[in-house]
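Hello,

Here is the structure I promised to pass on. Please open it first, then read my notes below.

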Amino acid sequence: MLTGDKKETAINIGYSSHILHRSTEVLTINAENEEDCFQSLAVHLNEMNLKNSLEDSAHSSWNNLDTLLTSVVSVTRPFIPLVGRQGRQPVNKGSSKAIVFEGSILNYCLKPKVKETFLSLIGKCDSVICCRATPLQKANLVKAVKKHFKAVSLAVGDGANDVSMIQVANVGVGLSGNEGQQAAQSSDFAMGRFMFLKKLLLVHGHWCYARLASILLYFYYKNLAFALLLFWYQLLNGFSGSTAVDSINLMGFNLIFTSVPIIVVGVLDQDL
């Protein structure tokens, strides 16, 4: 979450929007210069790597014990018929983690020396909150995350200060409301409330993906069939160079005959 609010307000918004939970371990980054920022990030990253390695080791040990107990039970079942597996519980993989920092810290985090450590740390967190961020900082952070993780990014904003972030992201969603129409006019999709985002992603996003897949296959097989038609025609006329289709039908093939069906499918196809 990238916001221009102060840290306390941003954390409260995180709890109210369920980005943060009561069990979430919140990491706060505070630094006065680039070196302090790098040291703070490195300490948090090393602690997180150590904790994850210990949890993975404990989980692996429990799996080995589970396998051993299963083997023992299967061997001794004729003699101990009451032995069961109800008492075993999975290993707790730990609470979720979140990182909170201000825009002034982000200036240090995007420096070449600190950038790799910073992106590695936020990649291990479940939630990231950046407060007191300027529009340029929001855009730079989205651009850095896209490049480092090679991921498709979605940006949602409701004001003029979110325009840069929306334009940098792969998919931009703008909200029209009290903050004005700048975000909605600069976005790929515009809507009136945040509550519509779920339907946009899960319903309309799925429809868009399915329609694009159908269109790609349609154009591929259409052009393949047309090319094979010309190929077989040349075999039959001895490669004389005569046209297989007159000019009117040739223009109408792409403009009328094969465009209307895919337009109808693209607009009306709903597989859910």
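**What I found**

Start with Ile263, which sits in helix α10. One caution before the rest: this is a predicted model.

Is Ile263 buried or exposed? Ile263 is exposed, because its relative accessibility is 52% and the cut-off for exposed is over 50%.

Ile263 also belongs to a nonpolar patch on the surface. Two elements, α9 (247-257) and α10 (259-268), each give two or more residues to the patch.

Now look at how these helices sit. The axes of α9 and α10 come within 5 Å and cross at roughly 15°. Angles under 35 degrees count as roughly parallel, so α9 is roughly parallel to α10. Which residues meet there? From α9 they are Asn254, Leu255, Ile256 and Phe257. From α10 they are Ser259, Val260 and Pro261.

Then the whole chain. There are 10 helices and 6 strands. The chain has 272 residues, and 29% of them are buried. The accessible surface of the chain is about 17,400 Å². Carbon and sulfur atoms hold 61% of that surface. Contacts are the last item. Among those in the chain with a separation of 6 or more, 61% join residues 24 or more positions apart.

Best wishes

Conventions: Residues numbered from 1 in each chain as written. Predicted model: local features only at pLDDT ≥ 70, side-chain atom pairs only at ≥ 80, totals over all residues. Heavy atoms only, no water. Patch = residues over 30% accessible without salt bridge, like charges linked within 9 Å, V, L, I, M, F, W, Y side chains within 5 Å. Areas by Shrake-Rupley, 256 points an atom, 1.4 Å probe, with all protein chains shown as cover. Salt bridge = Lys/Arg side-chain N within 4 Å of Asp/Glu carboxyl O. Helix = DSSP H or I, 4+ residues; strand = E, 2+ residues; numbered from the N terminus. Buried < 20%, exposed > 50% of the residue type's maximum accessible area, 1.4 Å probe, protein only. Axes fitted to C-alpha atoms, helices over the stretch in contact; angles between N-to-C directions. Parallel < 35°, antiparallel > 145°, perpendicular 65-115°, else oblique. Contact = heavy atoms within 4.5 Å.
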